[in-house]
Amino acid sequence: MSTDDTTETTDDGSDGGHCSTPDSDGEVAEEIAIVAFERKMATAEEIAAELADRYERIEILEYHGDVFEEHWGEYDCFVGLMASGIAMRKTAHLLDDKWDDPAICVVDEELTWAIPITGGHHGANQVAQDLATMGAVPAMTTASEAAGKQGVESRAKAMDAHVVNGDSTVQTNLAVLDDELGPVARLDGPKAVLVGDDVTVLKRNKEDGVVIGTGSVSGASADAFLEAWEAALERTEYGFEDVEFVATATRKEDEEGLLEAARERDLGVVAFDKETLLEHEGPTPSKSKELIGWPGVSEASAIAGGREQELVLEKIGYEDEVTVAIGR
């Protein structure tokens, strides 16, 4: 997951790359508890059924006055099927450190609003987005998401990495808001590095694999993306289990079909800006450069995203809808 010492991500808003460890270090939530009053158990069960395949563990807890205190620290995120005021009053005295505390997201019985209360970047925003598939509107108030930008915790999630020094994210996320953070720098060791308090360090959760670089016509379906990616991987020695993330261009980052396909395969989406892609242009000529000044998205993003910055598979097309290249 590198460029020539840089990797650029932007506001993809995707939901990929779930990890199996608790969310206290900036990773995503995997173990959640739905806390509901007895009369709301049917709705709690509906939520659990809908989200079952997205989390390692989902349990339903019947609400009583000490339920949060009794189970504090057992889950990455509590989903309170209740008024936000109840959740706030019953958990305020338990809060200690945002990197260690479980996240809290509340949702009303009609599934109208999903509101992250605490730990937005540490699981609550993720749960709110998942509840959106049931019709709830995610009311996210973390500054970067509210501004339509991707905070450093979200960047780490998309890259299947985690934040090592959590206190730094206050300053780096302010830089995100001001469009001053720039790309995520890649440093390979063995090396020793000295950083200041305003430098956020991300660490990979697993060894490097391959990157799917992809472009498409507007409105391409999720099935088209999935079938194209599978066809491309079949031409290599790699499978979906070897894919680190999906890479594309910022002008394609909001393609619903792409995002849905990435969610289906539990992959994060990393979007590269025009300048980065031009620096990593692939060998296959592309009409888009002549017409709009952008290089071929699939090859350039696959090269930019890969550790070795080389192609395993040059661009192939699928049904005149999706293009794919594989990089490492």
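The answer starts with the cavity and then moves to other parts of the chain.

Tutor: This is a predicted model, so local features need pLDDT of at least 70, side-chain atom pairs need 80 or more, and totals for chains, interfaces and linings use all residues. Numbering runs from 1 along each chain as its sequence is written, and side-chain values use heavy atoms, without hydrogens or water.

The whole-structure search finds 1 cavity of 30 Å³ or more (points on a 1 Å grid where a 1.4 Å probe fits but cannot get out). The largest cavity holds about 30 Å³ (the space filled by probe spheres set on the joined points). Its lining (an atom within 4 Å of a point) is M159, D160, R204, N205, K206, E207 and E244. By type, that lining has 5 charged residues, 1 polar and 1 nonpolar (Asp, Glu, Lys and Arg count as charged; Met is nonpolar).

Charged side chains also pair up. The search of the whole structure finds 7 salt bridges (a Lys or Arg side-chain nitrogen within 4 Å of an Asp or Glu carboxyl oxygen). In one of them, R57 meets E31 at 3.0 Å, N to O. This pair links distant parts of the chain. R57 sits in strand β3 (residues 57-62) and E31 in strand β2 (residues 31-36), 26 residues apart. Strands here are DSSP runs of E, at least two residues; helices are runs of H or I, at least four.

Now the record. UniProt, in an unreviewed entry, places a "coiled-coil region" at residues 34-61; such annotations may be inferred rather than shown by experiment. In the model, residues 34-61 are 39% helix and 29% strand. The end C-alpha atoms of that span lie 6 Å apart.

Conventions:
1 Å grid on protein atoms, 1.4 Å probe; cavity = no way out; pocket = protein on both sides within 12 Å on 5 of 7 lines; lining within 4 Å.
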